[in-house]
Amino acid sequence: MLVVALTLVPIGFIIVATIDAGPELVARLVFRSRVAELIGNTVALQVVVVPATIVIGTSAALLVERTHVPAWLSAAFVAPLAVPAFVMSYAWATVWPSIAGLAGASLIATISYFPFVYLPVLATLRRMDPALEESGAALGLTAFGVLRRVTLPQLRLPVLGGALLVALHLLAEYGAFAFVRFDTFTTAIYDQFRSTFAAPAASMLAGVLVLLCLVVLGGEAVVRGRRRHARLGAGVARQAKRVSLGGWLVPVWGAVVALLTAALGVPAWSLVHWLSVGVELDPGIPQALASTLGFATIGAVATCLAAGPIAWLSVRRPARWSRTLEGLAFMSSSLPGIVIGLAFVTVSIRWLPAVYQSSVLLLAAYVVLFLPRAVASLRAGMAQVPTSLGEAAASLGSNPVRTLVRVTVPVLAPAFGAGASMAFLGIAGELTATLLLAPTGTTTLATRFWSLSTELDYPASAPYALLLIALSVPMTIILFRESRGDRS
């Protein structure tokens, strides 16, 4: 309840702004052609990007866990998360200056966000009992039949969780779409706030965005259903049998190379190009690097701890009230960071002046923004932890706390690692909320990069982008190895 109350602060801000505006002004601002245009753009983006990320993310996880491919591919598919979407957009705009519109926005969003599906699916495949697939094959199913009737149904929950994250990020993303000149609710809200600060028009657009978020959450809840995902037996602690790609080797590797070139090669080439121009290094780089590392590490841990109770209720108590709490926790994360930042600024000035422009307030905003990432990963992990494990521990005399520490937490370690990884990377690259809430004199790699790139000083901004990626890639690999249960 405390976590949900925190996430409702931005919603309360919008409600108060709506009441202050009055019904006549609200109707005039909402029912206009501009809003219809933004709805069309946002829906079109969802229709294109969400299915594309599901296909790419699920296929990549199956390729890594069920076929004979080099082990480095497992980490390579996560690496795009180390490149913030606005850096990805900046890189593509450098390589392809005419990139714009729905096609450009869809391309950048897809290659930036497909790891949101890949990570939870990969974690689920690692925990899946191989006997399930082997039984299907023994009963005469072909390899495709086993995939369709045994494997994919077990991936339902992580796929839906990842797709929900993608959909919510599409609603809230700003920087990636600003570079390619594609208007969504987020870019329109930012333009309104930048020109007139807390204008009623911006608040009304944010309100419509919340309604779109409710539609997305409701659709995901209906599709998810209440199906059981935990296996009944103890399972087998071994890897599933891997298959050879055979005649698919060349086309599959062609697709992999194209994907990694688009997601990693283009940003790398762009940054190398601008760094080769030559620029004097900014003396503020060490401070920005330290701030980014500190906020991202603390924020990732805090976000996962806040997500734990919500994910537990969602899986262990799947009632209407628990799903309502979960939906409320997800709702604010669909809002742009600037709306969440402005809401926290308003609340802190009026009622909590002691935390105004403090790190505590900024970390609270990070929890609100990136809570769905952790909830989706922990929910998928908890769904595959049978209640019989806890019952067996209790029958052997273990108390609830000991059972939690010795049974539940070790099983959830991969899911916690995946959630922490995604939260860390999101916080490291967060932009608009950080600009509003960071303590005076505090800069991060993302905010400094954005400041320089919007001034068209691309050579000076390149070192910040490169450091942001360099910081994120090792952390991604470390947390990703943890999510796979790899202690070697």
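Asp-183 has a relative accessibility of 29%, so it counts as partly exposed; buried means under 20% relative accessible area, exposed over 50%, and partly exposed in between, with a 1.4 Å probe and protein chains only. This is a predicted model: local features need pLDDT of at least 70, side-chain atom pairs count only at pLDDT 80 or more, and totals for chains, interfaces and linings use all residues. Residues are numbered from 1 along each chain as its sequence is written, and side-chain values use heavy atoms, with hydrogens and water left out.

**Salt bridges**

A salt bridge is a side-chain nitrogen of Lys or Arg within 4 Å of a carboxyl oxygen of Asp or Glu. By this rule there are four salt bridges.

| Asp-183 | Arg-34 | 3.5 Å |

Take the pair of Asp-183 and Arg-34, at 3.5 Å. It links distant parts of the chain, 149 residues apart. Asp-183 sits in the loop between helix H12 (175–179) and helix H13 (185–196), while Arg-34 belongs to helix H4 (residues 33–66). Helices here are DSSP runs (H or I, at least four residues), as strands are (E, at least two), numbered from the N terminus. Arg-34 is partly exposed, at 27% relative accessibility. A network of salt bridges links Arg-34, Glu-37 and Asp-183.

Glu-65 is in helix H4 and Arg-126 in helix H8 (residues 115–127), so the pair ties together parts 61 residues apart in sequence. Arg-126 is partly exposed, with 27%.

Glu-326 counts as buried, at 3% relative accessibility. Arg-379 is buried too, with a relative accessible area of 1%.

**Cavities**

Rolling a probe the size of a water molecule over the atoms shows where empty space is left. A cavity is a set of points, on a 1 Å grid over the protein atoms alone, where a 1.4 Å probe fits but cannot get out; lining residues have an atom within 4 Å of a point. Grid points are joined across faces, edges and corners, and a volume is the space filled by probe spheres set on the points. How many cavities of 30 Å³ or more does this rule give? The count is two.

The largest cavity holds about 480 Å³ of space. Its lining has 29 residues; Tyr-113, His-169, Glu-173, Phe-370 and Arg-373 are the closest to its centre. Helices that each supply at least two lining residues are H6 (85–95), H7 (101–113), H11 (156–172), H19 (359–383) and H21 (400–428). By class, the lining divides into 18 nonpolar, eight polar and three charged residues. Here Ala, Val, Leu, Ile, Met, Phe, Trp, Tyr, Cys and Pro count as nonpolar, Asp, Glu, Lys and Arg as charged, and the others, Gly among them, as polar.

The second largest cavity holds about 30 Å³. Ser-291, Thr-292, Phe-295, Tyr-366, Ile-427, Ala-428 and Thr-444 line it. H16 gives the most, with three. Four of the lining residues are nonpolar, three are polar and none is charged.

H11 has 17 residues. From first C-alpha to last, H11 reaches 25 Å, close to the 24 Å expected at 1.5 Å a residue; the expected span is 1.5 Å times one less than the number of residues. H11 is largely enclosed by the rest of the structure, because 16 of its 17 residues are buried.

Thr-432 is found in helix H22 (residues 432–437). Thr-432 is buried, at 9% relative accessible area. Leaving out residues up to four places away in sequence, Thr-432 touches Tyr-174, Tyr-190, Gly-337 and Ile-338; contact means heavy atoms within 4.5 Å.

**Overall**

The protein has 24 helices and zero strands. Of its 488 residues, 54% count as buried. Among contacts with a separation of 6 or more, 85% join residues 24 or more positions apart.

Definitions and conventions:
1 Å grid on protein atoms, 1.4 Å probe; cavity = no way out; pocket = protein on both sides within 12 Å on 5 of 7 lines; lining within 4 Å.
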